[in-house]
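Subject: Structure handover and findings

Hello,

Please find the structure below, with the sequence. My notes on what was found follow it.

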Amino acid sequence: MSEILIFTILATIAAVYSILPKHRQLRLGYSIGAKRRTAVAGLSIGILLLYVISLYFDYVVEQATVPGIGALEASTLMFSVEVVQLVFAILIVSLFLAVFFRDSPTIRNSGFLREQMQQLMNGTQYNTLTSIIEDNYDTLIKKPTTAEEQVAQYTETVLLDTGFSEHYALNNPQLGVQLITDVNLDEFARIDAVDLFLRAVIKHKSSILYREIRNNKHRIDTDRYEIPEENQLLYALLNECDVAHQLRAYQAIGDTTLHILEEQGRKDRDEYNHRRKSFSVGHDSDEGFRDPVFVAIRFFDIMVSESIYQGMQTHMWLYYYTHFTNQICSNFEITDHSNPNEEFANDYSYLLYEMFSTLENWMRLSNRNSDSITMNIQNPDAAVENGDILKSSTRCFIQCHREILTTDEIPSRFKRERTESLFKTFFKLAASQNSEAQKYGEALLAYMEQELRAHGNPPSPYRSELQTMFYSIEHELRIKEPMDLTLVDDIKSRLKL
């Protein structure tokens with residue numbers, strides 16, 4: 001009997017529905033409009049009526065008691081009824097399969113959807129809520145119609161909620177990546193939503209950002225990182241660095257990192273002061289790639305380096321290195337777990353070194369004869385030129401050096417090594433055959449002169465510390481850099497050391 005098959009099919013649909021994820025179950029409420037509901041109801045009633053009729057004709061076949069209708073005719077009619085039943089069942093099944101399993105469901109009841117989203121939000125059922133938004137991305141975010149405007153506005157409210165942002169940043173980061181890559185969201189608060197997403201991924205060590213920074217160690221050449229498409233977040237932001245600039249990626253990462261450092265400074269036990277050798281093997285270890293400050297420093301390294309090669313005419317907010325350095329120096333302490341005679345007395349020492357060496361790498365790019373490196377320096381002086389990344393990095397370099405030298409808690413060995421590294425960078429630029437590199441070397445001294453003049457009367461701690469460090473390395477500089485003896489004398493004369 002066909003009704004057994006039909007009811008088995010319908011029962012199977014009900015069973016499948018019960019095991020579907022909740023976000024797909026909810027499609028039944030918002031993806032079937034009034035007309036389709038009426039059609040389903042009509043088909044269901046039709047199946048029941050036809051079932052009753054089939055019972056009647058079954059009785060006719062057995063009893064042959066209806067005048068004018070023989071057993072053959074009754075059997076034929078019964079077969080027709082069962083075929084129609086089966087067609088009705090197939091139509092219902094097709095409708096439900098289309099609703100449950102199509103990639104992008106159609107929203108036909110936006111009021112129901114908004115109500116369900118509110119309930120999910122209030123119940124912090126973020127997984128289901130995220131899946132609904134991903135399912136209906138085009139409708140809810142990209143191109144909502146007038147009828148869907150209210151539920152689209154509520155979706156925006158959801159994506160601007162801090163709790164929800166932190167959840168999907170960890171569990172469904174592809175939604176955040178999609179917001180970053182979708183440059184045509186004119187009516188949607190894309191910048192604010194991405195800001196919350198990026199603040200979440202830098203805060204949580206199990207996020208996509210930590211994984212991708214750890215996996216993004218390879219370089220196209222010695223200076224430029226390779227950013228493969230597999231690293232979805234970094235590729236979305238930095239394949240065209242203008243995207244990162246427009247979305248203020250630097251601010252989300254930078255401000256959150258500063259907050260983390262400030263929170264460390266308020267603690268009775270600052271873990272960066274009380275650990276030692278966590279980062280001691282540097283690039284060969286994954287330890288740093290589990291630390292938010294290290295990951296932020298590396299993110300700026302990748303972003304600014306790529307911006308140089310892409311010809312960005314903005315400093316890309318590399319001055320966050322200055323802010324990081326200032327806060328680290330404010331937090332810096334020598335504790336029982338520190339050894340001031342070692343290269344890195346504590347973890348803060350290594351983080352300062354990482355920023356310092358990164359700034360040196362950017363500055364030394366000017367010494368390379370490569371058309372792919374953008375150099376926009378206008379004047380080799382202490383003027384601020386925010387349109388030139390290399391000159392901005394030179395200014396930031398001196399700001400960081402001043403802060404390190406004037407922090408009493410930082411060991412003399414670390415100050416001396418950073419000062420020696422600074423002057424070696426100057427020598428490489430000033431003695432370069434590349435005239436552009438020479439300009440950056442001149443700008444480096446000009447920024448240092450400016451810092452010394454700014455605090456020159458009475459003599460600033462920076463001047464006295466710089467004199468001490470310079471005298472401690474002068475002999476070594478003259479031995480190691482015999483071609484730059486005149487440059488050493490020029491430094492002493494210009495900086496009045």
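Helix H12 (residues 190–203) has 14 residues, which at 1.5 Å a residue should span 20 Å, and its end C-alpha atoms are 20 Å apart, in agreement. The expected span is 1.5 Å times one less than the number of residues. Helices (H or I, at least four residues) and strands (E, at least two) are DSSP runs, numbered from the N terminus. This is a predicted model: local features need pLDDT of at least 70, side-chain atom pairs count only at pLDDT 80 or more, and totals for chains, interfaces and linings use all residues. Residues are numbered from 1 along each chain as its sequence is written, and side-chain values use heavy atoms, with hydrogens and water left out.

H12 is largely enclosed by the rest of the structure, because 10 of its 14 residues are buried. Buried means under 20% relative accessible area, exposed over 50%, and partly exposed in between (1.4 Å probe, protein chains only). The buried residues of H12 include Arg190, Ala193, Val194, Asp195 and Leu198.

Salt bridges

The structure holds 16 salt bridges, each defined as a side-chain nitrogen of Lys or Arg within 4 Å of a carboxyl oxygen of Asp or Glu. One of them joins aspartate 195 and arginine 199 (2.7 Å, N to O). These two are four residues apart in helix H12, so about one helical turn separates them. Aspartate 195 is buried at 12% relative accessible area, while arginine 199 is partly exposed at 23%.

Arginine 199 also meets aspartate 255 in a salt bridge (3.7 Å, N to O). Aspartate 255 lies in helix H16 (residues 249–266) and arginine 199 in H12, so this pair ties together parts that are 56 residues apart in sequence. Through shared partners, Asp195, Arg199 and Asp255 form one network.

A further salt bridge links aspartate 182 and lysine 142 (3.9 Å, N to O). Aspartate 182 is in the loop between helix H11 (173–181) and H12, and lysine 142 is in helix H8 (residues 137–142), so the pair connects parts 40 residues apart in sequence. Aspartate 182 is buried, with a relative accessible area of 8%; lysine 142 is partly exposed, at 35%.

Core and other helices

The protein has 25 helices and zero strands, and buried residues make up 51% of its 497 residues. The largest nonpolar core has 128 residues, and Leu179, Leu198 and Phe299 are among those with the most contacts inside it. Helix H18 (residues 292–310) gives the most to this core, with 12 residues. A nonpolar core is a set of buried Ala, Val, Leu, Ile, Met, Phe, Trp, Tyr and Cys residues joined through side-chain atoms within 4.5 Å.

Leucine 179 touches Tyr137, Ile141, Arg190, Ala193 and Val194, among others, not counting residues up to four places away in sequence. Contact means heavy atoms within 4.5 Å.

Helix H21 (residues 389–405) is largely enclosed too, because 16 of its 17 residues are buried.

Threonine 322 lies in helix H19 (residues 320–331) and is buried, with a relative accessible area of 7%. Leaving aside its neighbours within four places in sequence, threonine 322 is in contact with Cys396, Gln399 and Cys400.

Regards
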